[in-house]
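Reader: Hello! Could you take a close look at one part of this model for me, and then walk me outward from there?

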Amino acid sequence: MGTINAAMSVIGGALDADQEALSVVSNNVANANTPGYTQEKPNWQENPPITIGGIQIGDGVMETGATSQRDRVLQERLDQQQQLAAASSTRLTALNNIQALFTPDSGSSSAAAGDIGSDVTSFFDSFSSLEAAPTDNALREQVLSSASTLAGDISSAANSLNGQSAALSQAATGIATQVNSLTGAIAQLNLQIESTSPKADAGTLEDQRQQDLSQLSQLIGINQVTTENNGLTVTTTSGQLLVSEGQSFQLTTGTVNGATDFFLGGADDTSQLASGGGQLGGYLTARSVDIPNALASLDQLAYSISTSVNTQNNAGIDLDGATGTAANPLNIFNAPAQVAGSAASMTVVMTDPNQIAAATAGKGTGDNSNAVVLAGLANQTIVNGQTPVNYYSNFVSTLGSTVLEVQTENTAQNASVTQLQTQNNALSRVNLNDEAAAMSTLETSYQAASQVFTLLNTVMASALNLGVETAVA
Amino acid sequence: MDERKTGQANPDAVTSEPELKAMAAEASRALAALDAARLEELAVSCEALSRSLAAESGASELRRELARQAREAEDDLAAFGRVLEATRANLSVMKRLREMRFGELEYQARSGAGD
């Protein structure tokens with residue numbers, strides 16, 4: 001009877017184990033569409049055999065719980081790539097907005113920031129027109145009108161850039177609020193995991209924590225360190241604590257030199273956060289690098305044109321025979337005191353077209369020689385060693401290159417995230433053989449892609465150099 | 001609607017060769033999706049293109065056309081190169097991961113044998 005009972009016990013145990021396993025499977029099925037849920041696999045353990053009357057009887061298997069099929073190394077790599085992709089994607093959106101300001105208005109003659117290049121040309125061309133009839137009032141009005149359009153478009157672009165900067169600060173502040181909420185939740189989950197599952201996978205709680213970490217990675221660049229008892233320490237990429245065990249550290253904001261800065265543990269961490277990744281990194285990079293670069297270029301353009309034109313106009317004599325003095329300068333544009341801020345404040349201060357000094361002193365008011373010099377400024381290297389049009393054109397071209405560079409970076413990072421998600425899914429959802437197949441697909445794809453790249457590179461180099469092969473990438 | 005579908009809908013339409021720009025962009029997409037079969041197809045196309053180019057001499061029409069396409073495709077090829085770099089890094093992570101997991105399995109097996 002003992003044998004039959006033992007046998008029944010073995011069968012019963014196996015049935016119980018099957019039942020437990022079925023509950024793990026049904027849990028997986030029920031959570032198939034739950035974001036962040038990691039499939040669990042039942043852990044089987046062989047019961048120690050029982051010896052009855054010298055005969056060893058196997059005692060079947062028992063189910064000892066479920067383990068989530070997650071891999072922290074891969075998950076961390078995925079989080080890291082997501083941080084980079086989120087940063088470049090956010091920066092790209094901001095850069096596209098900046099670039100849109102400098103895209104010429106097609107098919108319209110209306111003034112717009114995008115028309116600055118043609119505004120500069122039109123302004124200097126108006127002096128060329130004045131050369132032919134220096135006393136003509138309509139032509140003098142045209143000079144002031146062109147100057148007004150140019151100044152208006154430059155200051156409008158600068159003000160739009162300042163507006164974009166303020167909007168980016170506001171968006172970054174919103175991100176900080178979300179970061180604080182997530183780090184608080186992660187600290188809370190840390191406590192729960194440490195108390196309920198200090199030595200083993202915490203299943204759903206671990207899933208929730210991973211889900212929060214993934215969201216956090218979209219927002220800010222982080223490093224994560226697993227501590228004993230299954231706890232987690234989260235820092236920014238520069239090492240400032242965000243979460244330590246059950247404690248979270250708030251990201252706060254404050255105004256420094258008129259801009260919103262971000263603080264952690266009392267220290268201003270803005271520049272580190274800008275290079276750290278995540279959406280916050282993207283917003284802050286656009287705000288602290290891309291917009292200031294664009295503004296600096298516009299400021300330089302505005303400053304150089306204003307000072308050069310004013311200086312030259314003051315050197316001549318106007319239609320009333322007057323020449324510019326310190327007390328009564330013949331300034332066309334307001335005189336900027338310094339380069340910074342010149343674009344936003346650029347405006348035309350001259351209201352009387354007679355004050356345009358087309359003539360050179362001593363040659364009579366009907367002379368045009370100063371107008372010739374003023375028109376010639378278009379071809380002089382008056383803006384940082386470049387002509388005004390070339391300077392503006394190089395600025396727009398550099399901006400375009402930055403956009404392309406970030407676009408390229410973003411394409412690669414998104415592709416990397418897609419690949420890692422595929423690999424992560426393969427790891428979480430299938431057996432070791434399928435996992436090996438997934439790895440093999442990655443390797444085969446890489447090899448095939450390397451071949452395509454080499455061939456394309458050769459074809460392009462060959463086509464560009466008419467037979468002489470050189471690397472183009 | 002993709003080109004093949006367009007071709008089916010209008011059989012009289014002239015089938016044009018995909019431009020280098022489109023090929024580079026397609027290669028990036030295929031690599032992101034780990035579509036090894038598509039990448040191998042692209043490799044075959046590139047090989048054929050490379051042979052056609054090698055057969056041409058001097059500044060032929062094909063060379064001029066390809067030079068134009070190559071200039072337009074430079075950014076896409078650069079993006080493809082970056083995707084390739086990212087893939088190499090991912091592959092290296094996966095290889096290390098796999099070695100680590102196999103190491104754990106071997107360790108468990110050895111521990112079991114010693115019990």
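Is A:Asn257 buried or exposed, and how many other C-beta atoms does it have within 10 Å?

Author: Happy to! A:Asn257 is exposed, with 5 other C-beta atoms within 10 Å. The cut-offs here are 20 or more other C-beta atoms within 10 Å of a residue's own for buried, 12 or fewer for exposed, and partly exposed in between, with C-beta atoms placed from the backbone. Before going on, please keep in mind that this is a predicted model, in which local features need a pLDDT of at least 70 and side-chain atom pairs count only at 80 or more, while totals for chains, interfaces and linings use all residues. Residues are numbered from 1 along each chain as its sequence is written, and chains are lettered from A and ligands numbered from 1 in the order in which they are written.

Back to your residue. A:Asn257 sits in the loop that joins strand 9 (251-256) to strand 10 (259-264) of chain A. Helices (H or I, at least four residues) and strands (E, at least two) are DSSP runs, numbered from the N terminus. Although A:Asn257 is not a glycine, its phi is positive, at about 50°. Most residues other than glycine have a negative phi.

B:Leu34 is not a glycine either, and its phi is near 55°, a positive value. B:Leu34 also lies in a loop, here between helix 2 and helix 3 of chain B.

One more spot in chain A is worth a glance. A:Thr196 belongs to helix 4 of chain A and counts as exposed, with 12 C-beta neighbours inside 10 Å.

Axes are lines fitted to C-alpha atoms, for helices over the stretch in contact, and angles run from 0 to 180 degrees between N-to-C directions. Ala, Val, Leu, Ile, Met, Phe, Trp, Tyr, Cys and Pro count as nonpolar, Asp, Glu, Lys and Arg as charged, and the others, Gly among them, as polar.

Helix 7 of chain A also packs with helix 2 (residues 72-101) of chain A, at an angle of about 35° and with axes 7 Å apart. This crossing is right-handed. Among the residues that meet are A:Ala87, A:Arg91 and A:Ile98 of helix 2 of chain A and A:Gly278, A:Gly282 and A:Asp290 of helix 7 of chain A. The classes here are nine nonpolar, nine polar and two charged residues.

Now for the other chain. Chain B has four helices and zero strands, and 29% of its 115 residues are buried. Where the chains touch, 47 residues come from chain B and 42 from chain A. Helix 4 of chain B gives the most to its chain's side, with 26 residues. That side divides into 31 nonpolar, five polar and 11 charged residues.

Finally, confidence. pLDDT is the predictor's confidence in each residue, from 0 to 100. Chain A averages 83, with 78% of residues scoring at least 70, and chain B has a mean of 75, with 69% reaching 70 or more. In chain B the lowest confidence is in helix 1 (residues 3-9), at a mean of 38, and the highest in helix 2, at 91. pLDDT stays under 50 over residues 1-15 of chain A and over residues 1-15 of chain B. Where pLDDT is low, the predicted coordinates should not be read in detail. The model scores ipTM 0.76 and pTM 0.74.

Definitions and conventions: Two residues are in contact if their C-beta atoms, placed from the backbone, lie within 7 Å. A crossing is left-handed if the near helix is turned anticlockwise from the far one by less than a right angle, and right-handed if clockwise.
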